[in-house]
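Please look first at the sequence and the model below.

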Amino acid sequence: MEEDLNSTIHPACLQDPPLAIDVIKQLDVFDYCLYTMLTCMSCLSLLLYLEQCVYIYKNLPYPTKTNLIWISGAAPVIATMSCFGMWIPRAVMFTDMTSNCYFAAVVYKVLVLMIEEFGGSNSFLRRFSGKPFRISTGPCCCCCYPCLPNVPLSRRMFFWMKVAALQYAILKTTLSVVSIVLWANGNFNQLDLAATSTAIWINSFIGVLTIISLWPIAIVFMNTNKYLRSLNMTPKYAMYQLVLVLSQLQTSIINVLAMNGVIACAPPFSPKARGSMLSQQMMIMEMFIITLVNRFFYHRTYNPIPCEEHEEHDNDQNVKVDLETALVEHDV
């Protein structure tokens with residue numbers, strides 16, 4: 001019975017991802033058009049990003065321009081790596097590692113950008129030190145608002161928030177390199193969900209690191225957002241969160257569907273390889289759209305955030321004008 005079942009399964013459905021030349025040989029007219037369109041999208045994303053880098057470098061001060069170049073590059077870098085993974089299915093492990101390592105650095109750069117917009121770490125501490133910070137934010141404590149009190153910002157708390165964001169960039173890159181080494185030795189399989197598998201332990205640990213790194217960024221954003229509205233930080237933060245969800249959660253869901261047989265085999269692609277190919281193709285289209293949206297927010301200059309002394313002076317001026325107006329009205 002098992003022999004009859006195995007004889008009905010195409011051999012390619014049980015093999016490793018095909019070589020690039022095998023992918024090209026089996027393309028029909030529709031596939032050629034699709035692959036060409038997706039390749040053009042990834043190339044256009046990269047060109048728009050390079051042009052945006054030139055604009056940011058020429059028109060924005062340091063270190064803001066460095067952070068913006070890093071953050072705005074997340075979508076085009078992922079699109080470019082997905083294009084390589086689409087054409088070369090056996091290189092997906094390397095392309096995903098490159099994208100994930102780059103985005104791990106972007107996570108830290110988002111926190112640094114918000115701090116630098118206030119003039120750096122020292123200026124940020126002078127402005128907010130001692131002020132209550134709401135810590136009941138996602139992804140850790142978004143449901144604990146009644147339980148968690150506001151915590152006054154201190155230098156120690158600020159230091160640990162930066163460490164929590166930085167550890168992801170360092171450890172994620174380290175664990176990605178370790179995963180590649182173990183994969184080359186046959187000890188790492190992303191679809192192996194057994195309790196003793198290496199992949200389940202490494203991926204679970206990376207998931208914990210991700211949550212720890214996202215929490216301080218959410219804390220800083222939720223407590224300083226009202227000062228950053230003039231810089232359009234809310235849509236920038238939303239695009240960064242969208243890249244995070246699409247590059248991490250979407251890929252994981254597609255891998256689980258392929259592992260459970262929801263995604264059918266299509267020779268020369270096994271279910272796992274076909275799921276990976278679909279993920280790469282979707283990622284190219286999504287990152288292309290995000291690149292276009294990001295260009296609207298990053299390809300422009302904004303007025304700097306006024307210092308606290310200027311804000312207090314403006315408030316005093318407004319109070320003085322209101323008092324004078326009230327006195328004039330009273331005299332009349």
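## Terms and model

A crossing of two helices is called left-handed if the near helix is turned anticlockwise from the far one by less than a right angle, and right-handed if it is turned clockwise. The structure shown here is a predicted model.

## The pairing of H8 and H9

The crossing of H8 and H9 is left-handed. The axes of these two helices come within 8 Å, and the crossing angle is roughly 160 degrees. Angles over 145 degrees count as roughly antiparallel, and H8 and H9 are therefore roughly antiparallel to each other.

On the H8 side, the residues in contact include Met-161, Ala-164, Tyr-168, Leu-171, Lys-172 and Leu-182. On the H9 side, Thr-198, Ile-202, Phe-205, Leu-209, Pro-216 and Val-220 are among them. By class, the contact of H8 with H9 is made up of 15 nonpolar, five polar and one charged residue.

## The pairing of H4 and H6

Helix H4, residues 64-72, also passes H6 in a left-handed crossing. Here the axes come within 9 Å and cross at roughly 145 degrees.

In H4, the residues that meet H6 are Thr-64, Asn-67, Leu-68, Ile-69, Trp-70 and Ile-71. Their counterparts in H6 are Tyr-102, Ala-105, Val-106, Lys-109, Val-110, Val-112, Leu-113 and Glu-116. This contact of H4 with H6 contains 10 nonpolar, two polar and two charged residues.

## The largest pocket

What is the volume of the largest pocket? The value is about 1,000 Å³. The lining has 41 residues, and the closest to the centre of the pocket are Asn-100, Lys-172, Asn-203, Gln-248 and Ser-252. Lys-172 also belongs to the H8 side of the contact with H9.

Several helices contribute to this lining. At least two residues each are supplied by H5 (74-87), H6 (92-116), H8 (155-184), H9 (198-224), H10 (233-259) and H11 (271-298). H10 gives the largest share, with 11 residues. Sorted by class, the lining of the largest pocket comprises 21 nonpolar, 18 polar and two charged residues.

Rolling a probe the size of a water molecule over the atoms shows where empty space is left. In this model, three cavities of 30 Å³ or more are counted. The largest cavity holds about 60 Å³ of space.

Which residues line the largest cavity? They are Ile-71, Ala-74, Ala-75, Phe-103, Val-106, Lys-236, Met-239, Tyr-240, Val-243, Asn-294 and Tyr-298. H5, H6, H10 and H11 each supply at least two residues of the lining of the cavity, and the largest share, four residues, comes from H10. The lining of the largest cavity divides into nine nonpolar residues, one polar and one charged.

## Backbone features in the loops

Two loop positions deserve a look at the backbone. Pro-63 lies in the loop between helix H3 (29-59) and H4. The peptide bond that leads from Tyr-62 to Pro-63 is cis, with omega near 5 degrees.

The other position is Asn-232, found in the loop between H9 and H10. Asn-232 has a phi near 55 degrees, which is a positive value in a residue other than glycine.

Methods:
Residues numbered from 1 in each chain as written. Predicted model: local features only at pLDDT ≥ 70, side-chain atom pairs only at ≥ 80, totals over all residues. Heavy atoms only, no water. 1 Å grid on protein atoms, 1.4 Å probe; cavity = no way out; pocket = protein on both sides within 12 Å on 5 of 7 lines; lining within 4 Å. Points joined across faces, edges and corners; volume = space filled by probe spheres on them. Nonpolar A, V, L, I, M, F, W, Y, C, P; charged D, E, K, R; others polar. Axes fitted to C-alpha atoms, helices over the stretch in contact; angles between N-to-C directions. Parallel < 35°, antiparallel > 145°, perpendicular 65-115°, else oblique. Contact = heavy atoms within 4.5 Å.
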